[in-house]
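Student: I would like to go through this model by question and answer. Please show it.

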Amino acid sequence: MTLVDFQAVDLGHGDQIVLPALTLSIARGERIALLGQSGAGKSTLLTAIRQQQQDAAAWCPQGHGLVPLLSVYHNVYMGQLERHSALANLRNLLRPDPLAWQAVETLCDELGLEGLIRRPVERLSGGQRQRVAIARAFYQQRELFLGDEPLSSVDPHQALRLLEQIQARHDACVIALHQHRLALSHFDRVIGLRDGRVAIDAPCRELDLARLDALYPDARSADDRGGDAPGEPQAATEFSAATREAGRSAP
Ligand SMILES: Nc1ncnc2c1ncn2[C@@H]1O[C@H](COP(=O)(O)OP(=O)(O)OP(=O)(O)O)[C@@H](O)[C@H]1O
């Protein structure tokens, strides 16, 4: 069953068309890795999917979109802001709702943020902020997870664990990332953008690292790099090791 559908749609920003005449559909249950070099249009596509999906999609934006002065609790609570009245939200700002507090605390524990629920986000590390943004997306409790590089600020082991948690909590996901080995080992399908179009759209089982290199004009061959992903050689190696540790076989 189709979840997302674009038929010859121009996607962009105002007058600037980034992805002209885009035709793309995503089925329920699909786990999609969205790849492409910087500026290829990944955020543009994710934003368009989000606009189309409205209430069905949990959103984890690039740069996190957190309010630095507010606590972890209040930032995560924002995931359900529109489900409550303005009065209830104001009251919660001053005196947190006990049930919401308990739910957020459970999420924090699950995501390795134990003991940080009261701390202002401005006093967290980059990786901790990223996990708060993921917690806020989890708190939305949606079918589809849309993530714009949600694994970019954490170490490879944490990234693997976070990805598994994201996928366990959502029926479908579209995640922009730069870790190619992870894309091949933990997703069903890769959508790769290059030069304003979908250059790759295929099941992961039909792809390899060399095919993914074609998305990057200045990439060295996978053999030259010893099989690592562009710009992420160390991370890719560590991902591979982390994947093996987790009992999976990385490609
Ligand atoms: N708000 C905006 N207004 C105008 N142009 C924009 C805007 N946001 C992005 N663009 C342009 O659209 C193109 C695609 O940008 P986009 O952010 O979708 O790329 P991306 O693949 O997500 O890049 P990155 O990996 O660096 O985040 C780029 O040329 C960018 O300069």
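Student: Which residues have the most contacts inside the largest nonpolar core?

Tutor: This is a predicted model, where local features need pLDDT of at least 70, side-chain atom pairs count only at pLDDT 80 or more, and totals for chains, interfaces and linings use all residues. Residues are numbered from 1 along each chain as its sequence is written. A nonpolar core is a set of buried Ala, Val, Leu, Ile, Met, Phe, Trp, Tyr and Cys residues joined through C-beta atoms within 7 Å, buried meaning 20 or more other C-beta atoms within 10 Å of a residue's own, with C-beta atoms placed from the backbone. The largest such core has 64 residues, and those with the most contacts inside it are Ala-33, Leu-34, Val-76, Ile-134, Ala-135, Leu-146 and Val-174.

Student: Which helix gives the most to this core?

Tutor: Helices are DSSP runs of H or I with at least four residues, strands runs of E with at least two, numbered from the N terminus. The helix spans residues 126-140 and contributes seven residues. The helix is H5.

Student: Which element gives the largest share of the shell around the ligand?

Tutor: The largest share, three residues, comes from H1.

Student: Which element has the lowest mean pLDDT?

Tutor: pLDDT is the predictor's confidence in each residue, from 0 to 100. The protein averages 87, and strand E3 (residues 31-35) has the highest mean among the elements, 97. The lowest, 47, belongs to helix H9 (residues 233-245).

Terms used:
Buried ≥ 20, exposed ≤ 12 C-beta atoms within 10 Å, placed from the backbone.
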